[in-house]
Each structure stands twice: as structure tokens, then as C-alpha cells.
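Hello,

Here is the structure I promised to pass on. Please open it first, then read my notes below.

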Amino acid sequence: MTNRPIDDSRCAHVSDLLADFALGTLIGAERSEVLAHVSECSNCAAKVDSLTRTADALLELAPNVEAPLGFESRVMDRFRSEVPVTNIPRQSRVFAVAAAIIFLVVVAFGAGALIGQRGSTNYSSATSYPASARLASQGHNVGQVFVSNGRPAWIYMSVDDDSWSGVAICTVRYRDGHVEKVGQFRLSNGYGSWAATLKSPASQVTSVQVVGAHGHVLASAKFSA
Amino acid sequence: MDDVSDETLLSAVAYGDDRAMLNFVRRYQGRLFGLALGIVGDPGLAEDVAQEAFIRILRHASVFDVRRGSVSTWALTITRNLAIDSNRARRAVAVSPEDHLFMNMASTDDAPDDVAIHSDESQRMKRALATLPIEQRRAVILATIYGRSAAEVAVEESIPLGTAKSRIRLGLSRLRESTSTREAL
């Protein structure tokens, strides 16, 4: 959009059409006329944007009505049946996502960007966000951690280890050495997934730990510099 | 995941996490079903619409752009568009707005659940809507929620096309001014 001097007569001419335009009900020559004008006039474009947000805000007033019994199950069943993915056993499900992301990282940065040795924590490329790292416990993969540089930055973790249950605490260590407790979550039958926002940029995250109720480290993940 | 933001939850959905998907559906099912029911007026059809909306949201979570609006607006817009399409496909008979749930939108009496769901901004909008003359309120709701064109509003309300256009325009503009003025205070 250019910031041309505003031609008041043209603005006045289209002003009656802006609401219809914002609602998407304007058609034909009138729509073309408004479209051409708002592409050049920042004032009218701002009005259209504001009218659109007003119309959107009305949708937020939609009444909350209890959905029919079993609704969520039917949605999930239908989604699974329509998504072109074979039924993956629970144990492998977390790692299917991880594998896809790791594959993309490998392709993007070369296999050398990933270091994965049994018995040590695995590293990810930190140059691309969202970045992922495998969560390891005593050399075994037990889940996956993602961090992303959104606003705010966030972290997402999946854990799948049948030997755990109960509450676990997640801490994040940043490049400057400070540690942030970002939340706690409950593992049910060894499985849990959760997400939280971070107070510092995800690019500053160097490691993540999952700590048990008694303070012992259950698992950790490291992000490369 | 009950305490995470909509945006964070949707990010987890985009990564394909089953638990996040289920949580997202649980969080939004009442609102999407409520919106669909308000527009199509039939519980069975409303479930079909809401289901389809969720399928699209779960499938396209990765393309959601937070800079273009909130998750709730995105989800509700998808639902509204599907409900409008459904009405058009079955050539739904025009129904008086009084028969729909949405004429209650201007009520300032909220059920406790709705107070929890609706943000301050929504509460402001609700109050602003209540101040509109009833004919403008009806025209705005028909146009914004039910997707009626000005010509369709004119037919349903038995008014000239020019009158329908001005009611929609004036009503929406007054809502915009009312809510933006409060924001600036």
C-alpha cells in the first residue's frame, strides 16, 4: 500500500461501501472500486480492518451450548479415519512426530548437525525454530522437547516412559546460566504431554530437565549452541 | 494442558499430538457447537457443522497465523462459514432472528459459564450491541453472523435495499466506534 495524499472526494465516495466490503458482501464493480481504493488509501484500509475486527468480535459472543454426548470422541475418530496416517502404536507415536522433525532438520542442516549417541543426551540444531531435542533418560529416548521463538516463546514436551507416573517438574536452563521452572505436569500411565510459555527467547535455551517430586532428574535434553 | 494459552495448545496440535487435539476439542466444543446451532437451528446439522469445523482446524493448525487474529476468532469464523454454506446448500428458509439464539447476544445478563468464557472485549461488545436500535441490531446480526447480503436482509426484513444497507453500515460503524472509543480510554 502506498501513502498517497488522501483524495477526500474518493474516500467519501467509497465510505458507504466499506462496511459491506468488510463483511464480504460487496460484489462486482463496487467491490473492485473499493479494493482499488483501499490498496492506495491507508485511512480507508484502516477503517476496513477495524470494521472487520468488529464483525469478528461479534462472533466471540456465540453462546456456549453443551455439545451432544460423545461429540469429542466422534470428532477424534473421524479425524483419525480421515488423516492419511496408519494407526501408530502409542509407544511409537511420540517418536513418529520426532522422526519427521529430525528428518527435516537433517535435510536442512546436514546429518552432522545432529549428534545422537546412545548413553548421552541428544542434541538438535538450534539455528532453526521451532527446534527439537530428544528427551533422554539413562541413554534411552523417553520423549521429545520442542521450543519455539514465538511471541511469547514456548516449550512443548511429550513424555512416554512406562516406568514413570505422578507429577514431574520441568526446568529450563538458559545460555546465561539462569534456570527457569516453567511448569509441572502429571504423567498418566507413563504418558504425558504439555506446553507452556517461556520468559526468555527460545534461542537462549541450552537444556531442559524433567525433575521428579523428590528433586531427582528423570530425563534431560540439550539444545546445541 | 488446561492452563496453556490457545496459541500454545494449537501449536501442540500442529505437531500432531493426540492429547493436545483432544484438549482443543474439549476447550472449544461448546462454543463451536453453540455457534453452529445458532446459525443452522438444528442440533443434528449443527453437530455435522461443528465436527467439520474441528476437522479443518486440527488439519490446518500449522497454518494459523497469530498476527492475523486470535485462535478463537479463527475457529469461530471457520464454523460460521461452514454453517452459512450448510444453510445455503439446503436453501434454508428465512427465519426470524428472534427465533435464533443470537438475539440473546445483546442481553447483559450472562450465565456464569458465559462470563468465564467471554473476555472483557466481548463484554464491551455485548453492551455496545445492546445500545443499538433493534432494527440495526437485527440487520448487523443477520449480516455478520448469518452471512446475509444487504439484499437478503431487505427481503427478510421487508424493507427497501437502501434501508437494509444503511442499517448494516450504521450499526456496524456504531459498534466499531463504541468499542474503539472505550479501548482508547
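**The interface between chains A and B**

In this predicted model, chain B and chain A bury about 5200 Å² between them, and carbon and sulfur atoms give 65% of that. Buried area is the accessible area (1.4 Å probe) that two parts lose on being put together, summed over both. Tyr15(B), Leu172(B) and Arg176(B) supply 14% of the area that chain B buries against chain A, more than any other three residues.

Contact means heavy atoms within 4.5 Å. By that rule, 59 residues of chain B touch 48 residues of chain A.

Five salt bridges cross the interface. Each needs a side-chain nitrogen of Lys or Arg within 4 Å of a carboxyl oxygen of Asp or Glu. Glu60(A) and Arg31(B) form a salt bridge through their side chains, at 2.8 Å from N to O.

For Cys11(A), the nearest cysteine sulfur is that of Cys44(A), 3.8 Å away. That is too far for a bond.

Both residues are buried (under 20% relative accessible area; exposed is over 50%, partly exposed in between; 1.4 Å probe, protein chains only). Cys11(A) has 12%, and Cys44(A) has 2%.

**How to read this**

Residues are numbered from 1 along each chain as its sequence is written, and chains are lettered from A and ligands numbered from 1 in the order in which they are written. Local features need pLDDT of at least 70, side-chain atom pairs count only at pLDDT 80 or more, totals for chains, interfaces and linings use all residues, and side-chain values use heavy atoms, with hydrogens and water left out.

Best wishes

Note on methods
Disulfide = S-S within 2.5 Å.
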